[in-house]
Amino acid sequence: LNQSQQLPVDLEPEFEGTIQNISSPTGREAILTCSVKNLGRYKVGWLRASDQTVLALQGRVVTHNSRISVVHEDFRTWRLRIRQLRESDRGCYMCQINASPMKKQIGCIDVQDQT
């Protein structure tokens, strides 16, 4: 094989941009967006940063919290959506790629009390 016929090397997955922190009132919804390129065979997970609770893996929600959903768009965008925000949702959330070494990005939600 000459140079031009070699099989492509597995590209390392990378984040595109950063997760924007958001602020939202209780009762509303919050959406954190994580963009990944070159995901290949790796998987994307969302975790609560404070206690490392896994909320979703790929497009599947694994927490028993029915207010949480994941939207997967255009192969590279993963959105964590939390409906009917509560005070207890305040905090940081981690978008993680199960590469080796593991890669992560963190975005935080500030929940504002409506009283």
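Mentor: A contact here means heavy atoms within 4.5 Å. This is a predicted model, in which local features need pLDDT of at least 70, side-chain atom pairs count only at pLDDT 80 or more, and totals for chains, interfaces and linings use all residues. Residues are numbered from 1 along each chain as its sequence is written, and side-chain values use heavy atoms, with hydrogens and water left out.

Trainee: Which residues does V111 touch?

Mentor: Leaving aside residues up to four places away in sequence, V111 touches S24, P25, T26, L85, R86, E87, D89 and R90.

Trainee: Where does V111 lie, and is V111 buried or exposed?

Mentor: Strands (E, at least two residues) and helices (H or I, at least four) are DSSP runs numbered from the N terminus. V111 lies in strand β10. For accessibility, buried means under 20% relative accessible area, exposed over 50%, and partly exposed in between, with a 1.4 Å probe and protein chains only. V111 has 1% relative accessibility and counts as buried. Its C-alpha atom is separated by 8.5 Å from that of S88, 23 residues apart along the chain.

Trainee: How many disulfides does the structure hold?

Mentor: A disulfide is a pair of cysteine sulfur atoms within 2.5 Å. The structure holds 2 of them. One joins C34 to C95, with an S to S distance of 2.0 Å. C34 is in strand β3 (residues 30-37) and C95 in strand β9 (residues 91-97), so this pair ties together parts that are 61 residues apart in sequence. The torsion about the S-S bond is about -80 degrees, so this disulfide is left-handed. C34 is buried at 0% relative accessibility, and C95 is buried with a relative accessible area of 0%.

Trainee: What is the S-S torsion of C92 and C108?

Mentor: That torsion is about 95 degrees, so the disulfide is right-handed. C92 lies in strand β9 and C108 in strand β10 (residues 103-112), so the pair ties together parts 16 residues apart in sequence. The sulfur atoms of C92 and C108 are 1.9 Å apart. C92 is partly exposed at 28% relative accessibility, and C108 is partly exposed at 22%. With the bonded cysteines of the protein numbered in sequence order, the pairing is 1-3, 2-4.

Trainee: How should I read the nonpolar core, and which residues have the most contacts inside it?

Mentor: A nonpolar core is a set of buried Ala, Val, Leu, Ile, Met, Phe, Trp, Tyr and Cys residues joined through side-chain atoms within 4.5 Å. The largest one has 24 residues, and V36, W46, Y93 and I109 have the most contacts inside it. Elements giving two or more residues to this core are β3, β4 (44-48), β5 (53-57), β7, β8 (77-82), β9 and β10. The largest share, 4 residues, comes from β3. I109 has contacts that include I22, A30, L32, I82, L85 and Y93.

Trainee: Where does V62 lie?

Mentor: V62 is in the loop between β6 (60-61) and β7 (68-73). V62 is partly exposed, with a relative accessible area of 33%. Not counting residues up to four places away in sequence, V62 touches V54, L55 and A56. V62 and W46 are 16 residues apart in sequence and 9.7 Å apart in space, C-alpha to C-alpha.

Trainee: Which residues does UniProt give for the feature "domain: Ig-like"?

Mentor: UniProt positions are given in the numbering used here, feature names are shortened, and annotations may be inferred rather than shown by experiment. The unreviewed UniProt entry places "domain: Ig-like" at residues 13-107. Over residues 13-107 the chain is 0% helix and 53% strand, with the end C-alpha atoms 19 Å apart.
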